[in-house]
Amino acid sequence: MTLRLTWLLLRKDLVVAVRAPEVLGFMLLFALLCVVLFAFGFLRAGAAAAAQVPGVLWVTLLFSGTVGLLRLFAPEEEGGVLVQAQRTRRGALPLFLSKAALQLAFTGVVAAITLPAVLVFFDAELREPVVVLAALALGLFGQAVLGTLCAALLVHVRLREVMLPLLLYPLLAPVLLAGVQVTVLAQDDAGSDATTGWLVLMAAFDVAVAIVAPWLHEKVSRG
Amino acid sequence: MTGAVTHSRTPTTLLAAVAGVTALWLAALYAIVLVAQPDAILGIVQKVFYVHVAAAFAMLICLSAGSVASLVDLLQPNDRIDAAARALVDTGVLFALAVLTTGPLWARKSWGMWWTWEPRLTLTLLVLLIAVGVLAVRTLAPPGPAGRRVGAALATLAAPTAYLIHVAVQRWGGTHPQVIQGGGIQSPGMRLAFWVTVAAMLGLAAVVTTLRYRVARLEDAVVALRLDLSARDLRRARTAAREPVS
């Protein structure tokens, strides 16, 4: 029942996203803009551009993810049904799961386009693409779950557009550190032990937020 | 309600505590300046160590206790525990600022640079950022139980995340002086100065937290009085509207 309700909510959001793809479009444009700005900010004549790839890739995904998070609960809010959606008989869990899944889908699309774009723009190649894809999957999952929680908590808070990144970025520091390190190691194809360590850390982060975030969301939504 | 207002007069026990902490601080300053020998290698700048580490203890205790208190308030809403959680996080931020001010003063002399991305520095900076974020959300959240739960949830979330950040920055890089873990302080004078300063700092933290807690309780009382007042105005307006115009 919870899963069915989750799927119904997610399908509704996906239909909206297909018919009016503004949010995803803004996320993609913003990601592209970030890559361009980072190129202006970090490229030096005579220095290898490829060395900047891990940082540019992960920070771009972190920044563009926030654009989606800020609009994540907008349909329910603007329709005036947020409280009702949180107070279904199955609790707030279906709403939380569907929003986290939607955010994961959006950031997945953005990553699928940003990764090749960064590699092309910074003239780089990945020797271990599978490892980077695994890190992206783990990292985007953690970002989507924790980000959905923060977005949900801040729905009624003043200045939430400012507060969301202020809260979320320090909390996501482990994901960013691990993602960048895995990508650095994948470029050099060195140290599989170190890579495994970072991936385990990301997986541990994902498990922790997957347990804590829905519970906190339920607690805050229903009292 | 009226209880919260009447106990606002500073009680003698709190004044006694303030006097005690002041005496402890005078003793700590005496011990730091005159009892503890200057460090053989680092010289006089090493003396900032006493304040730095003691402030770090106070920060750690306040923020951990604030996170736990938030969790308790989330599970079993209680006005006093909520006020205590807010007071503890506020005080924790104060001591985090002290740690991040005294740290670079010491680092400049002993490592030759103001800042380095060493695990404990990175962790302290990130924890400060998270704690300030929690404080800001508590201020900006709508008044009432829903807004209060948002602040409590974020403060609860901060503790496990801080642990994961700790693990991540440990892997990421690492030259912090390992004074306490690595054999401890050898000189008895230094040891005395250290523990007296720790006691003084924790006493200060307790006093500041208590004062902040009293202010938090008064703030809650003001919000409740405002709500009472607007409810009364509403009732009056409603009765006036029902009465026929004479």
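A: Accessibility classes come first: a residue is buried under 20% relative accessible area, exposed over 50%, and partly exposed in between, with a 1.4 Å probe and protein chains only. By this scale B:Arg212 is partly exposed, because its relative accessible area is 21%. The model is predicted, so local features need pLDDT of at least 70 and side-chain atom pairs count only at pLDDT 80 or more, while totals for chains, interfaces and linings use all residues. Residues are numbered from 1 along each chain as its sequence is written, chains are lettered from A and ligands numbered from 1 in the order in which they are written, and side-chain values use heavy atoms, with hydrogens and water left out.

Q: What is the secondary structure of chain B, and how many helices and strands are there in chain A?

A: Helices (H or I, at least four residues) and strands (E, at least two) are DSSP runs numbered from the N terminus. Chain B has seven helices and zero strands. Chain A has 10 helices and, likewise, zero strands.

Q: How is the radius of gyration of chain A to be read against the globule rule?

A: The radius is taken over C-alpha atoms, and the globule rule is 2.2 Å times the number of residues to the power 0.38. For chain A, the rule gives 17 Å for 223 residues and the model has 18 Å, so chain A is as compact as a globular protein of that length. Its C-alpha atoms fill a box of roughly 60 × 35 × 30 Å along the principal axes, and 48% of its residues are buried.

Q: What radius of gyration does chain B have?

A: Chain B has 23 Å, whereas a compact globule of 246 residues would have a value near 18 Å. The C-alpha box of chain B is roughly 90 × 45 × 30 Å, taken along the principal axes. Buried residues account for 42% of chain B.

Q: How many salt bridges are there over all chains?

A: A salt bridge is a side-chain nitrogen of Lys or Arg within 4 Å of a carboxyl oxygen of Asp or Glu. The count over all chains is 15. One of them joins A:Glu77 and A:Arg160, at 3.2 Å from N to O. A:Glu77 belongs to helix H4 (residues 74-79) and A:Arg160 to helix H8 (residues 160-171) of chain A, so the pair ties together parts 83 residues apart in sequence.

Q: Which residue forms a salt bridge with B:Asp82, and is B:Asp82 buried or exposed?

A: The partner is B:Arg138, with the closest N and O atoms 3.6 Å apart. Since B:Arg138 lies in helix H5 (residues 119-140) and B:Asp82 in helix H4 (residues 79-110) of chain B, the pair ties together parts 56 residues apart in sequence. B:Asp82 is buried, with a relative accessible area of 5%, and B:Arg138 is buried at 17%.

Q: Which residue forms a salt bridge with B:Arg212?

A: B:Asp90 does, the closest N and O atoms being 2.4 Å apart. B:Asp90 counts as partly exposed at 22% relative accessibility. A network of salt bridges links residues including B:Asp82, B:Asp90, B:Arg138, B:Arg212 and B:Glu219.
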